[in-house]
Amino acid sequence: MTVAVADTHASGAATPLSESSTSTLSVPPSPDLSGFAPQIINGKVLSTKSPVVSASTVIERIASRASTTSTVFIYDLAEQAGFGALTQSWARSDSTTAPVVNLQTRAGAGLSLVGRLSQSSSKTAASNAVLTAYNTPTGLASMMYSLSYVPAPTPTSRLIIQVPTVTPVGETFALSPTLAPFTPALAILPEAFTVLLSATAQEAVDLAALSYRLTSTHVIHIFDHHGTARELGQDFSLTLPTVPSEASVEGSLARIGYRPFDYTGDADASTIVVALNGPLAQAAKAVAARTPGFGVVSVRLLRPWKEDALRAVLPSSVKTIYVVDDVPTEYTQGALYVDVFSAVLGSLVPGPVVKPLRVTPTRLQTFLTTPSAFIAFVTGLLPEGQIIPPSQPTGVKKLLFFSTPNTVHSQVPQAVKSSFSSPALSVRHLTDHDAFSKPGGTTADRIVVSKKGEELQAPLLFSLPVSSDVGEADFVSVLDHNLLKTHSVASHLKAGAPLLVVSDWSPEELASNIHPDTVAIVRDRQLHLCTINAKEIAESLAGSSKSTAVVENTVAQLAFLRLYLGQAATEDTVVRLASKTLGDSVKGVPLAKLAARTWASLVEVDLPVPEVTDTKPNPLKLFEFNAIAVDTGDGDTVVNGAKIGSWHDAAKHIIFPSAFTPPVIPDAAEFPRDPALRPEVPEHTFLVTCTVNKRLTPLEYDRNVFHLEFDTRGTGLKYELGEALGVHGWNDTEEVLEFCEWYGVDPNRVITIPIPGGDSTKMHSRTVFQALQQQVDLFGKPGKSFYADLAEYATEKTDQYALRFIASAEGVSTFKKLSEKDTVNYGEILRRYPSARPGIETLCEIIGDIKPRHYSIASAQAVVGDRVDLLVVSVDWVTPSGSPRYGQCTRYLAGLKVGQKVTVSIRPSVMKLPPNDTQPIIMAGLGTGAAPFRAFLQYRAHLASQKIPVGPAYYYFGSRHRSQEYLYGEEIEAFILDGTISRAGLAFSRDQKNKVYIQNLMKQDGKDLVKMLLRENGVFYLCGPTWPVPDVHETLVDALGRYEGVEAERAGTFLEELKDEERYVLEVYD
């Protein structure tokens, strides 16, 4: 049975959208960011109340400006969290955006940043070497050990890490704002870092900008990208703070209106909760604002820790302090608890009791999905056992829209939101996606409308949960009728609320297709189930055209307004309100005509009592937030870091983030990628054949430098001059077999382990021998986390305590001795603590994977054709205890036999010839650093043979003895004779009494070098170990002063400017 809505639905409830407020409705600003970006750059005011731009977008823009940072390093986990895609899009089209470098979060994550900052450190301060990195809490934890090597910050050489709090948890990959992966690693964070945490949109934007104004510290800024920072509709504005260079972090915060700690609640509270600034703290503050005897301290400045500031905000009446820590497990000691305990201990007499509250990711998800569980949690902290939940302010309305991504009706929520564009109203809009519960994905749009000054203080995640069946919504719209068969949508509604279904089903078809459980909810709660056939109305009024979709969305918007206004709704009122944003017509159809047709076609469906059957229907699904979609300015939709062809691909990418590659149109089908060759790595891998392995140094010489050639025919491998070859090496066969025997595991046993670089859901089967030889970094250097992981499997207390000590902050000296002096590997640690013996599958997982080693290519493909050459030196040493050590990959390469296959990949490099062949080049190589210059000289000789003019080439080479280590000596002499090398400076340091180095020979040629660099647009290259860098730098600075009269400071600045122009290129290594 169906009846007209006007006959049955008469709600007298007050709504924020009243006649008094609609007179100021206006069309919202365009979401186009092209007009938004310059506002950040050209003026001090970055954003002025832009309801179509999220705080996260503003943070990306602040962090990516070329005037703010020199380079943005985007880690894969940040991309998967939906943060970084816009930066990459801007970098492709906007010259005001800094260059972008994409990085993988793996063992040693952060070393690239350390290297870049270290390279920028010299006697002369670098020019704008302020680096930005994006990473999640999980990625930040992986970077922590590397950050201990970051050079001290200076005004022109600093690191700022923007951390969006998004972490997949549990079997459903639900996204969580937990900081559990990061907080345990706080103990090893260097003192040179400041850690800021923001919770609200305004605060997130302010602290992001402040991060770049703190010139004497590295900064980690953690913000709520899980919820608040992604919301649309929030008013925020920002004027860049002016912070004196000598100002402290605390003082800088004060200048923009913030404190290290905020207190909310009763001034005479006896019970206090201390929590890191974020969604959980915000929810607790909303409770504390109206609960006697209760208060909340939110921590905005985590490092440096300010004990006095904390004590200053605590009420003198406090008796019990509960410290909320995000922790991986209930048995993990929280870092914040230790900080608070030490601050309070002995400071108050008698002092309050400090108790830990450990919140695991699973427990946090319960709080997010079930607000009553959080209220019960807080209630249990109060001695009275009583708490009054924060009451909803009068007039606050909560709206929910369920749809399918990228369909006709997916834009309806944005259209509805535009109806509330009024200075008198506050509108918050958050869009989340579920890529699993339905093929093609599901979208949930939360919109909360209130009058200004009556906004909800708690995050939307708590105020309007979508992953539970709590009835919090005042209105729900289903924009894909198929969801009624599979998903629990009606359960989100309060009793008596409207449920609008936009569908081309007839009312009778709708009633027959609704899940029985939904029918029961509709009847029990006396919901008003209404339906509108927007497609039929649009086609009848606009015809079959591209305009139909816009008209359909307008019909849905008009239907919403009628139901939302309830008893106050009239046809004229709906038209008047809608015309404020839509005008008098939509795609040529008069708005009044559309409204009249919508009014007449909107019907309420009377659901009969469902028949009792023996067949039990499938249970309804709840929405699970596990995907973040970003629409970039260049038309791509990026879901959890992947550009997707469809939302079916999104689910695959979430499960297999490293192994899954969305289908693309092949542009080189002749050489498709072989999926069997290291599918976990993002680079295209190739299987090449060793054809030459020739030692270049005498057998009696203590260094084995050797030349390799690989046949690339049939592989499609292409490389540019100066690029590097990544070699995916194997562990030594005999050592692997010896380890298997000692560990008591059959090398031929088949085990199932995760694909390297993926997650635990992507598995493959291999023999133990294959895994330990080809995948697991068994003889690599263990990080601190390995000791902590291994301790969990120790059966002897002495082994367990020793391993835990090494992994702790107190054990840093022992760890450094083991790592840097004894250079122990994973296998040796297992032998030292024999009672710690996890199963072989577990061992493979906690050790991690062999990473490819990269070597500069020593050939020019234009000359050698289907071949790639390498110049390699064997790495070996003896520990203080007399144990021999070998570089894993150089040992593998040195043992290659002719005909043996090797898996390789290509990595770009800064080493490349200048665009103009006549530009002078100055090459300085030490030892195997000669590799890329052999390629350069091959190519220059090739051009000369074709009568193509080339510029002068100065070649400096350094090693110990000419007779033993003059690498490619015959070729170099030939290049000198034919003029390819204009001048050669050969420094064999130990062939004479007084040692001669390349910088000594460069000094002799100082006048020519200065002329080439200063007047002839020349390019200088240095490749090899790091130790000559300061001396070479000083030689060029002295030459500029001697021959051009340039002061030392200006000369240093000039060389730094050449770096930016890629005319002073360093590729050095320890």
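Predicted model: local features only at pLDDT ≥ 70, side-chain atom pairs only at ≥ 80, totals over all residues.

Reader: Which side chain meets that of E735 in a salt bridge?

Author: The partner is R891, and the N to O distance is 3.0 Å. R891 lies in helix α34 (residues 888-894) and E735 in helix α26 (residues 733-743), so this pair ties together parts that are 156 residues apart in sequence. R891 is partly exposed, with a relative accessible area of 31%.

Reader: How many salt bridges does the structure hold?

Author: There are 33 salt bridges. One of them is formed by the side chains of E965 and R703, at 2.6 Å from N to O. That pair links distant parts of the chain, 262 residues apart: E965 is in helix α36 (residues 962-965), and R703 is in the loop between β30 (685-695) and β31 (705-711).

Reader: And E965, is it buried or exposed?

Author: E965 is buried, with a relative accessible area of 1%.

Reader: What about E1057: which residue does its side chain meet?

Author: The side chain of E1057 meets that of R1050 in a salt bridge of 3.6 Å, N to O. E1057 counts as partly exposed at 30% relative accessibility, and R1050 is also classed as partly exposed, at 42%.

Reader: Is R300 buried or exposed?

Author: R300 is buried, with a relative accessible area of 4%. This residue lies in the loop between β14 (294-299) and β15 (301-303).

Reader: Which side chain joins that of R300 in a polar contact?

Author: It is the side chain of D262, and the contact is 2.5 Å.

Reader: A change of topic: backbone geometry. Where is there a cis peptide bond?

Author: The bond from R303 to P304 is cis, with omega near 0 degrees. P304 is in the loop between β15 and α12 (307-313). As background, most peptide bonds are trans, and most residues other than glycine have a negative phi.

Reader: Which residue has a positive phi of about 65 degrees although it is not a glycine?

Author: That is K947. The loop between α35 (931-945) and β41 (953-959) contains K947, and this lysine counts as exposed because its relative accessibility is 74%, where exposed means over 50%.

Reader: And N1017, what is its phi?

Author: Phi of N1017 is near 60 degrees, a positive value in a residue other than glycine. N1017 is found in the loop between α39 (1006-1015) and β43 (1019-1025). At 38% relative accessibility, this asparagine counts as partly exposed.

Terms used:
Residues numbered from 1 in each chain as written. Heavy atoms only, no water. Helix = DSSP H or I, 4+ residues; strand = E, 2+ residues; numbered from the N terminus. Buried < 20%, exposed > 50% of the residue type's maximum accessible area, 1.4 Å probe, protein only. Polar contact = N/O pair within 3.5 Å; in protein donor to acceptor, adjacent residues only side chain to side chain. Salt bridge = Lys/Arg side-chain N within 4 Å of Asp/Glu carboxyl O.
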